[in-house]
Amino acid sequence: MSVTQNRPSQREVQSPPPKRRGVTVRGKSLPYLFLAPSVVVLATMMGYPLVRMVLLAFQNMNNYRKFVNPSLVSYVGFQTFSSILSDPLFWQVIRRTLIWTALNVGLSMLIAMAIAALLGRISPWARVTLITVLLFVWSMPTIVTGTVFRWLFDNAYGVIDYILYLVGFKGMLHHDWFADPNQGLYVVVTSVVVWGALPFLVLALHAGMTQVPTELKEAARVDGASPLQVYRNVTLPILRPLLLITTALSFIWDFQVFNQIWTMRNGAPEQGYWTIGVYLFEQAFDRNRYSDGAVISVAMIVIMMLVLVFYIRQMLRIGDQK
Amino acid sequence: MSTYRRAPRRAMTTAFWNTVAMVVSIVLGFPIYWMLLTTVKSNKDLIAQHPTFWPSHWDFSSFSSAMDDNFGANLWNTVVITLGSVAISLVVGLLAALAVARFDFRGRKPFIVAILVVQMVPLVTILVGLLPVLNSANLIGSLLGLILAYLVFTIPFIIWTLRTYIVGIPAELDEAAMVDGCTKAQAFRRVVLPLLAPGLVSTGVFAWIQAWNEFVMARQIMGPAQNKTAMVWLTFFSSTPSHGSDYSGQMAGALIIAAPVIILFTIFQSRLSTGLTAGAVKG
């Protein structure tokens, strides 16, 4: 207490003009000195590779020989772009990725909001149980999750088929979930991704819901609003910014899903399972077509930026704040 | 009167929602339960026509079948790589976080925006350009190559998270220390650092978890068998002819490499959101 009160006067006494100038000069270069290491590391490990990636899109590094011997690589203008963009497979992958991502983001947000609302109206012991389960789910590495779910959905000894059989779907015993890529991707992989996404979304939304002032809800109730109306007209508007952020994050994660698809298809996803991340990996790294991969990378980043314009604008605003 | 009638009804609804919550918990927790259960089931149980929800007898042989020739070496690689990249990025990231949180300088805003935007760029797109770079630097197949590659996501994460922690430590505290005769460096070491320690630990733990779980970079940068990381090991283990249908071995391997993450995550998750300096500047 006394320290804070005495501070202004002591500072005036203790800092004579010459010394203060010294401090400001050092204060000007010090932050740059502190930033230098991370700027250098990120520029060499991320900035330069990104530039290199964009250059690759205009080159023809499309076999392993050219990868190990870069002197064989030459610039080909927009040739790689036109060959990828005229490939029906590319547009098929883009379409599939966008539809699948929308499905996953929508499902995870809806289920997460339901569970978050549920958390608000159950007894403390039930809340602790559910949150504990969510934390364990959250902690699972995606590679492990994919491996576990492949076993759950196994067609010979998988437990999902057996449970369906037990509850009356006799024909589902030994059902092969992965034979049809549409079923495999839109049902099985979706269930893995939504399962993994729920914990973060539920806990974030639940935290947001507890911030909604109870007086507002009480007032609405007194005025005769039904629980659903209270939710729609009081809770949701207050949650809106949080919903935007969680939706944007879900999009970022689901759009580039790779690990779950990779492990569920045991390291060799069939073409019907290719979303843009898998497609990019197969082209660039499995077939050593780095320039093709670079064009797909550019497309991937452009699509993300287009979808997330509003989110990026939000970030620019964060930069404005102190 | 109305309160008398409402109380039991409210208890009923709570009981109903509690039941729903338990069903949700069981459904969400079931995959983890099944993973644990599979590791202690005997092979005979595993290929039974009707799977059982409890082992007929306990069999831990799955763990020894998971530990094949490469398992130990691969796990050790992961330990070295993750600790290496987290150590480097904590030092580098702490400096940048201090600059952003405690200094006002030209270029501060663009830097913050860059750190935020950079975290959105998919790793796999960076890897397309990074692999040729690492190749010309002769870093493919080396632990150092992967340690450096991981800095791409650990450093932005650490800068952003630590910045929040440092902003939470009132600047009046270090000013007070400097008024009392500390130099800037001393004020940092004696005041800021102790308050920041919990934040440093949990930030480090979460960066470490991300590095531990990373797959795409590890698969492409690290080469042959003994050189893999644990996650890459699991995908190869699961697709070899000898272990492709050895699900108890796969689950045991999955459990071992996930265990450190699960334990640390559940311990530190609750800490991430608690206020650090609550009460530090009380009157």
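Modeller: Two residues are in contact when heavy atoms lie within 4.5 Å. Keep in mind that this is a predicted model.

Colleague: Which residues does Leu162(B) contact, leaving aside neighbours within four places in sequence?
Modeller: By that rule Leu162(B) is in contact with Gly93(B), Leu94(B), Ala97(B), Leu196(B), Gly199(B), Leu200(B) and Thr203(B). Leu162(B) itself belongs to helix α7 of chain B, residues 143-167.

Colleague: Why is Leu162(B) called buried?
Modeller: Buried means under 20% relative accessible area. Leu162(B) has 0%, so the word applies.

Colleague: How far apart are the C-alpha atoms of Leu162(B) and Val24(B)?
Modeller: They are separated by 35 Å. Along the chain, the two residues are 138 residues apart.

Colleague: What makes Trp151(A) and Tyr247(B) an aromatic pair?
Modeller: Ring centres must lie within 6.5 Å. Over all chains, that rule gives 39 aromatic pairs. In this one, Trp151(A) and Tyr247(B) are 4.3 Å apart, centre to centre.

Colleague: Why does the pair of Trp151(A) and Tyr247(B) join two chains?
Modeller: Trp151(A) lies in helix α7 (residues 142-152) of chain A, and Tyr247(B) lies in helix α12 (residues 247-272) of chain B, so the pair joins two chains.

Colleague: Are Trp151(A) and Tyr247(B) buried or exposed?
Modeller: Trp151(A) has 2% relative accessibility, and Tyr247(B) has 9%. The cut-off for buried is under 20%. Trp151(A) therefore counts as buried, and so does Tyr247(B).

Colleague: Which residues do ring pairs link into a cluster?
Modeller: The cluster holds Tyr64(A), Phe67(A), Phe258(A), Trp262(A), Phe281(A), Phe285(A), Tyr290(A) and Phe215(B).

Colleague: What sits over the ring of Tyr165(A)?
Modeller: The charged end of Lys170(A) does, at 4.7 Å from the ring centre. The distance limit is 6 Å. In chain B, Lys228(B) lies over the face of Phe236(B), 4.4 Å from the ring centre.

Colleague: Why is Asn213(B) called buried?
Modeller: Its relative accessible area is 14%, which is under 20%, so Asn213(B) is buried. Asn213(B) is placed in helix α9 (residues 184-213) of chain B. Not counting residues up to four places away in sequence, Asn213(B) touches Pro141(A), Asn259(A), Met231(B) and Val261(B).

Colleague: Which residues make the nonpolar surface patch of about 410 Å²?
Modeller: Tyr48(A), Val51(A), Leu55(A) and Tyr75(A) make it. A patch residue needs over 30% relative accessible area. Val51(A), in helix α2 (residues 17-57) of chain A, is at 48%.

Colleague: What is the phi of Asn266(A)?
Modeller: Phi is about 55°, a positive value, although Asn266(A) is not a glycine. Asn266(A) is in the loop between α12 (259-264) and α13 (276-286) of chain A. At 28% relative accessibility, Asn266(A) counts as partly exposed.

Colleague: Is Asn138(B) buried or exposed?
Modeller: Exposed means over 50%. Asn138(B) has 70%, so Asn138(B) is exposed. Asn138(B) is found in the loop between α6 (123-136) and α7 of chain B. Its phi is positive too, near 60°, in a residue other than glycine.

How values were computed: Residues numbered from 1 in each chain as written. Chains lettered and ligands numbered in written order. Predicted model: local features only at pLDDT ≥ 70, side-chain atom pairs only at ≥ 80, totals over all residues. Heavy atoms only, no water. Patch = residues over 30% accessible without salt bridge, like charges linked within 9 Å, V, L, I, M, F, W, Y side chains within 5 Å. Areas by Shrake-Rupley, 256 points an atom, 1.4 Å probe, with all protein chains shown as cover. Salt bridge = Lys/Arg side-chain N within 4 Å of Asp/Glu carboxyl O. Helix = DSSP H or I, 4+ residues; strand = E, 2+ residues; numbered from the N terminus. Buried < 20%, exposed > 50% of the residue type's maximum accessible area, 1.4 Å probe, protein only. Phe/Tyr/Trp six-rings, centres within 6.5 Å; stacked < 30°, edge-to-face > 60°. Lys NZ or Arg CZ within 6 Å of the ring centre and 35° of its normal.
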